[in-house]
Amino acid sequence: MSRRAAFGRGNQGAIIAARLNLAADLGCRHVFTETGGTVEGDRQHSYRHILKAGFVESVLRLNYAPNAG
C-alpha cells in the first residue's frame with residue numbers, strides 16, 4: 001500500500017516495468033499477474049496499471065469470504 005504522498009508519481013507503473021524488463025532479460029516469453037477485478041465505485045488502481053502495462057484479462061476467478069458472525 002502506498003502512502004498518500006506517493007500517489008500519482010508513477011511508482012506502481014515503474015515497478016511493473018522493472019519486473020517486465022527483468023523477465024525479458026531472463027528470457028521469459030510469458031508473464032502473468034493478478035489483482036482484484038473491477039468493482040463499481042472502486043477506482044481499481046492496480047487493475048488499470050496492469051492493463052496500461054499491456055496485460056489483458058484472460059480469466060476471472062471468484063473470491064469467497066467467510067460470513068461475518
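The structure is a predicted model, in which local features need pLDDT of at least 70 and side-chain atom pairs count only at pLDDT 80 or more, while totals for chains, interfaces and linings use all residues. Residues are numbered from 1 along each chain as its sequence is written, and side-chain values use heavy atoms, with hydrogens and water left out.

Helices are DSSP runs (H or I, at least four residues), numbered from the N terminus. Helix 1 (residues 11-25) packs against helix 2 (residues 45-52) at an angle of about 45°, and the two axes are 10 Å apart. Each axis is a line fitted to C-alpha atoms over the stretch in contact, and angles run from 0 to 180 degrees between N-to-C directions. Helix 1 and helix 2 are therefore oblique to each other. Their crossing is right-handed, meaning that the near helix is turned clockwise from the far one by less than a right angle. Gln 12, Gly 13 and Ile 16 of helix 1 meet His 45, Ser 46, His 49 and Ile 50 of helix 2, contact being defined as heavy atoms within 4.5 Å. Two of these residues are nonpolar, five are polar and none is charged. In this division Ala, Val, Leu, Ile, Met, Phe, Trp, Tyr, Cys and Pro count as nonpolar, Asp, Glu, Lys and Arg as charged, and the others, Gly among them, as polar.

Phe 55 is located in the segment after helix 2. Phe 55 is buried, at 16% relative accessibility (buried: under 20% relative accessible area; exposed: over 50%; partly exposed: in between; 1.4 Å probe, protein chains only). Leaving aside residues up to four places away in sequence, Phe 55 touches Ile 16, Leu 20, Val 31, Phe 32, Thr 33 and Ile 50.

One salt bridge is counted, under the criterion of a side-chain nitrogen of Lys or Arg within 4 Å of a carboxyl oxygen of Asp or Glu. Glu 34 and Arg 61 form the bridge, with 3.7 Å between the closest N and O atoms. Glu 34 lies in the loop between helix 1 and helix 2, and Arg 61 in the segment after helix 2, 27 residues apart. Glu 34 is exposed at 63% relative accessibility, and Arg 61 is exposed at 55%.

Terms used. Helices (H or I, at least four residues) and strands (E, at least two) are DSSP runs, numbered from the N terminus. Angles under 35 degrees count as roughly parallel, over 145 as roughly antiparallel, 65 to 115 as roughly perpendicular and the rest as oblique.
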